[in-house]
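Reader: I am new to reading protein models. Could we go through one by question and answer?

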Amino acid sequence: MWALFYRRQISSSQIILLGFAFVIALGALALMLPVSSNTRTVTPFLDCLFTSTSAVCVTGLVVHDTATHWSAFGQTVILLLIQIGGMGVITVAAAITMASGKKISLMQRSTMQNAVSAHHVGGIVRFTGFILKGIFLFELLGALALMTVFIPEYGMKGIWLAVFHSVSAFCNAGFDLMGTNSPYSSLSAYASHPVVNITVMLLIIMGGIGFLTWQDIRQNGIHIRRYRMQSKVILATTGILLIIPAIYFFFFEFAAEPIGKRIWLSLFQSVTPRTAGFNTADLTVLSETGQTLTIGLMLIGGSPGSTAGGMKTTTFAVLAACAVAVFRKRENGQFFGRRIADDTVKNAVTVFLLYIMLFLAGGMIISRAENLPMMTCLFESASAVGTVGLTLGITPGLGTVSRLVLICLMFFGRVGGLTLIFATLPATKNTLSRLPLEKITVG
């Protein structure tokens, strides 16, 4: 794949963009094969494209129940697409190059740096090796834990179920094979099962905090003071975004449930909107307040350089820090005794505006095209652009226009706002000259 993309002088952002598009197209063609469906018939191209995009972009929105529509071959294709999407197309290409013993050029290293959101090109090959080992270790441990539940229930089929759900959870994909019990049921049958809840939630969190945070944890252990500022911000923001929503869900949304189930439902519903897409509760019975909170969590998503999508926890944290700085009349936002660079603030504002505009535009287009309530369509739009996969049940019945909108949103959400902008817009040369300054009143 490297050779295919490097024949022309294209940027790292364009390589990432084209890489994802190439894998999505390949996956759609594979899913169109008669052997991919249980009925051994050709699945319509748009359905296959939607499923392939959802898998590669680790979203989880589906137009066909994964367990009942797709054959074992089709499910395997979906699992491979999820794994490639979670690891990142460039990381997979780098792994193949490293395994073949070929040298990786400086341009390739730069692309790898952008793909995993590393700060420096130096040591990127070694860091990629660390990522690959970490991914397979977590997925293996998750599969072994889930086997203790699924094998007693499903026999040897439980091994496949454990592997599939472990990979899907770690990659924050949200695809499940529980439709044989009840179509589109996700993990609702295990709403109060401790092993399934703990395993899936830990896999989602570990996949979503980012590879650089892993590196800090590995190198510095419990000595949090030694962590990079980014890792501290990610861990602190992740903790806040897990605890506060869980408290809300516990006291207001699931108050009628028994205390044990209530705890698990609240914790899981706080974790899964962080781009995971599994659900253990019926989301249609949530109040509009609960659905709005879930939309906010879906839009924020995971962290940079992770398997998760969304505008990212760091974007949310930077915007919050800048707001605090304005309130306290400080010149710059700050974290842990360090000020935030102006370029970081500009990027955060840009990403935030892009996600909000796409989220609103997607919801409005779907609402107009399908004549559905705006709140329901905004939920679907947020789920797509945040690469989450949670739904209020309208996805399978959407028309062609709405499906194409969701496909575009999922692709944008996985590739990333800045990557898409840098890949599509021509670069402008920086000059020493500056325009005259004039103030404008805001607020």
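**From single residues to the whole chain**

Reader: Is N371 buried or exposed?

Author: This is a predicted model, in which local features need pLDDT of at least 70 and side-chain atom pairs count only at pLDDT 80 or more, while totals for chains, interfaces and linings use all residues. Residues are numbered from 1 along each chain as its sequence is written, and side-chain values use heavy atoms, without hydrogens or water. Buried means under 20% relative accessible area, exposed over 50%, and partly exposed in between (1.4 Å probe, protein chains only). The relative accessible area of N371 is 71%, so N371 is exposed.

Reader: Where does N371 sit, and what is its phi?

Author: N371 is placed in the loop between α16 (342–370) and α17 (374–385). Helices (H or I, at least four residues) and strands (E, at least two) are DSSP runs, numbered from the N terminus. N371 is not a glycine, yet its phi is positive, near 55°.

Reader: What is the phi of V58?

Author: V58 is in the loop between α3 (45–56) and α4 (66–69). With a relative accessibility of 0%, V58 counts as buried. V58 is not a glycine, and its positive phi is about 40°.

Reader: How many helices does the protein chain have, and what share of its residues is buried?

Author: The protein chain has 19 helices, along with 2 strands. It runs to 443 residues, and the share of them that counts as buried is 54%.

Reader: What share of contacts joins residues at least 24 apart in sequence?

Author: A contact means heavy atoms within 4.5 Å. Taking the contacts in the protein chain between residues at least 6 apart in sequence, the share that joins residues at least 24 apart is 69%.

Reader: A28 and S52 are 24 residues apart in sequence; how far apart are they in space?

Author: A28 lies in helix α2 (residues 12–32) and has a relative accessible area of 0%, so A28 is buried. Apart from its neighbours within four places in sequence, A28 is in contact with F45, C48, L49 and S52. From C-alpha to C-alpha, A28 and S52 are apart by 5.3 Å.

Reader: Which residues does I295 touch, leaving aside its neighbours within four places in sequence?

Author: I295 is one of the buried residues of α14, as are G290, Q291 and T294, among others. Beyond its sequence neighbours, I295 is in contact with F359, M375, L378, F379 and A382.

Reader: Which helices do the buried residues of α14 pack against?

Author: The buried residues of α14 include L297, M298, L299 and I300. After α14 comes G301, which has a positive phi near 75°. The helices packed against the buried residues of α14 are α12, α13 (259–271), α15 (313–327), α16 and α17.

Reader: Which residues is T66 in contact with?

Author: T66 is found in helix α4. Its relative accessible area is 4%, so T66 is buried. Leaving aside neighbours within four places in sequence, T66 is in contact with Q75, I78, F164, F175, D176 and L177.

Reader: How many residues apart in sequence are the parts tied together by R403 and D47?

Author: A salt bridge is a side-chain nitrogen of Lys or Arg within 4 Å of a carboxyl oxygen of Asp or Glu, and the whole structure holds 3 of them. R403 forms one with D47, with the closest N and O atoms 2.4 Å apart, and both residues are buried. R403 lies in helix α18 (residues 400–415) and D47 in helix α3, so the pair ties together parts whose separation in sequence is 356 residues.

Reader: How far apart are the closest N and O atoms of R228 and D216?

Author: R228 is partly exposed, at 27% relative accessible area, whereas D216 is buried, at 3%. In the salt bridge between R228 and D216, the closest N and O atoms are apart by 3.4 Å.

Reader: What is the N to O distance between K261 and E257?

Author: K261 is partly exposed, with a relative accessible area of 30%, and E257 is partly exposed at 30%. Their side chains meet in a salt bridge, with an N to O distance of 3.8 Å.
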